[in-house]
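Here is a short report on side-chain packing.

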Amino acid sequence: MNARRTLLAHLEICRPDSMFYAGLVGLAGAVLAARLNQTDPETWRLFAAWAAPTFGWIASLYGGDYFDRELDATAKPHRPIPSGRMSARTAFTGMVLTIGLGLVFAVALTPLNLALGVVAVVTGVSYSRTFKARGLAGNLMRGVPTALAFLVGTTASGPVPPWELLPLALAFWVHDSASNLVGALCDRDSDREGGYRTYPVRYGDGSTLRMLTVLNGVWIALAVGWPLALDTSALELSLLWPFLLLALPLCWTCFLMLARAARPIPRLAALRAHEVLVGERLVLACGFIALGGGLVLALAVLVPAAVLTAAARSVMRRRDHPSLAR
């Protein structure tokens with residue numbers, strides 16, 4: 001029973017309803033770089049492009065629960081550390097181990113990734129310890145690791161990321177900053193009580209929605225404009241557009257759910273909107289996997305990721321937010 005309890009605590013802290021996204025971004029970087037470099041990366045290199053950011057993402061979750069344990073004790077007592085199912089020391093150890101695993105896979109692609117790994121660690125820890133409480137700077141800091149995940153993935157086919165992919169790395173950075181801003185809106189009340197001066201706490205719901213509009217506008221312009229600027233063929237675009245034509249309405253749906261909610265926006269409404277984003281970003285990443293690696297590969301990774309995400313989200317919703325299960 002204790003072993004099962006411990007295993008479930010580790011599984012919960014890894015957030016199986018959100019842990020697949022970073023790996024898909026890394027894989028997108030790998031296949032797009034291979035397309036530009038006209039190379040065919042070995043399977044292990046594609047796996048490493050997925051595994052490095054995945055372990056890095058999990059490390060950020062261990063670290064987030066470790067550094068936020070005092071806030072969670074009052075705002076989210078069901079989480080592993082405040083509920084007593086995991087010690088703070090164990091969470092810290094999990095963070096260190098998963099950072100190490102992520103770096104092993106990243107450096108296996110190219111030793112130069114050690115520099116990107118150090119930046120990812122510094123930004124991840126800085127976000128949890130300092131920047132989360134500093135308004136928009138925190139949201140932008142939280143988006144950095146996703147851009148780095150994409151850049152690490154590009155090194156699966158060469159030691160240096162192709163310069164043509166830098167605008168897309170920026171798109172993923174801004175996109176994840178926007179997603180984190182929605183998450184901050186979900187936690188606005190508990191962050192205020194805990195003394196975290198996040199953007200919604202500082203400026204309120206109206207300003208948060210306006211900033212969300214700006215961030216969404218930037219990443220959409222980059223995601224749509226980038227392939228057009230590269231003179232991508234109509235056949236290649238036909239692989240990307242179906243995914244974008246699904247991702248963009250999902251993004252708009254999330255925004256409308258927030259815009260039409262009561263003021264102040266109830267936590268339940270923000271959580272429902274954020275659930276839409278969870279699916280949207282999987283679709284977005286797989287659109288660029290389709291562009292670089294083909295439709296079969298994109299669907300092969302999207303379908304299991306979406307199914308596992310939905311299953312995990314359903315279980316966690318019933319336990320942590322019963323009202324969302326209705």
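The sections below go through these topics in turn.

## Aromatic pairs

This is a predicted model. It holds eleven aromatic pairs. In one of them, F47 and W50 have ring centres 5.6 Å apart and planes at 40 degrees. That angle falls between the 30 degrees limit for stacked and the 60 degrees limit for edge-to-face, so the pair of F47 and W50 is tilted. Both residues lie in helix α3, residues 43-67. They are three residues apart, about one turn of the helix. In general, an α-helix has 3.6 residues a turn, so residues three or four places apart point the same way. F47 is partly exposed, at 45% relative accessibility. W50 is partly exposed too, with a relative accessible area of 29%.

W226 and F288 make an edge-to-face pair. Their centres are 6.2 Å apart, with 65 degrees between the planes. W226 belongs to helix α10 (residues 199-229) and F288 to helix α12 (residues 267-293). The pair therefore ties together parts that are 62 residues apart in sequence. W226 is buried, at 5% relative accessibility. F288 is buried as well, with a relative accessible area of 1%.

## A ring cluster and charges over rings

Ring pairs also build a cluster: F47, W50, F55 and F105 are linked in this way.

Two charged side chains sit over rings. The charged end of K132 is over the ring of Y196, 5.2 Å from the ring centre. The charged end of R142 is over the ring of W57, 4.8 Å from the ring centre.

## Helix α6

Helix α6 covers residues 113-129, which is 17 residues. At 1.5 Å a residue it should span 24 Å.

Which residues of α6 are buried? They are N113, L116, G117, T123, Y127 and S128. Seen down the helix axis, these buried residues fall within an arc of 135 degrees, so they line one face of α6. They pack against α3, α5 (88-109), α7 (136-154) and α8 (166-186).

R188 is in helix α9, residues 188-194. Is R188 buried or exposed? Its relative accessible area is 4%, so R188 counts as buried. A polar atom of the R188 side chain lies 2.8 Å from the backbone oxygen of I265. Neighbours within four places in sequence aside, R188 is in contact with P200, V201, D205, P264 and I265.

R85 lies in a loop, between α4 (69-75) and α5. Its side chain joins that of S83 through a polar contact of 2.9 Å. Leaving out residues up to four places away in sequence, R85 touches R5, A9, E12, H78, R79 and P80.

## F172

F172 is part of helix α8. Its relative accessible area is 1%, so F172 is buried. Not counting residues up to four places away in sequence, F172 touches Y21, V25, T146, F150, L284, A285 and F288. F288 on that list is the ring partner of W226.

How many residues separate F172 and L256 in sequence? The answer is 84. In space, the two are 21 Å apart, C-alpha to C-alpha.

Notes
Residues numbered from 1 in each chain as written. Predicted model: local features only at pLDDT ≥ 70, side-chain atom pairs only at ≥ 80, totals over all residues. Heavy atoms only, no water. Phe/Tyr/Trp six-rings, centres within 6.5 Å; stacked < 30°, edge-to-face > 60°. Helix = DSSP H or I, 4+ residues; strand = E, 2+ residues; numbered from the N terminus. Buried < 20%, exposed > 50% of the residue type's maximum accessible area, 1.4 Å probe, protein only. Lys NZ or Arg CZ within 6 Å of the ring centre and 35° of its normal. Expected span 1.5 Å × (residues − 1). Arc of directions from axis to C-beta. Contact = heavy atoms within 4.5 Å. Polar contact = N/O pair within 3.5 Å; in protein donor to acceptor, adjacent residues only side chain to side chain.
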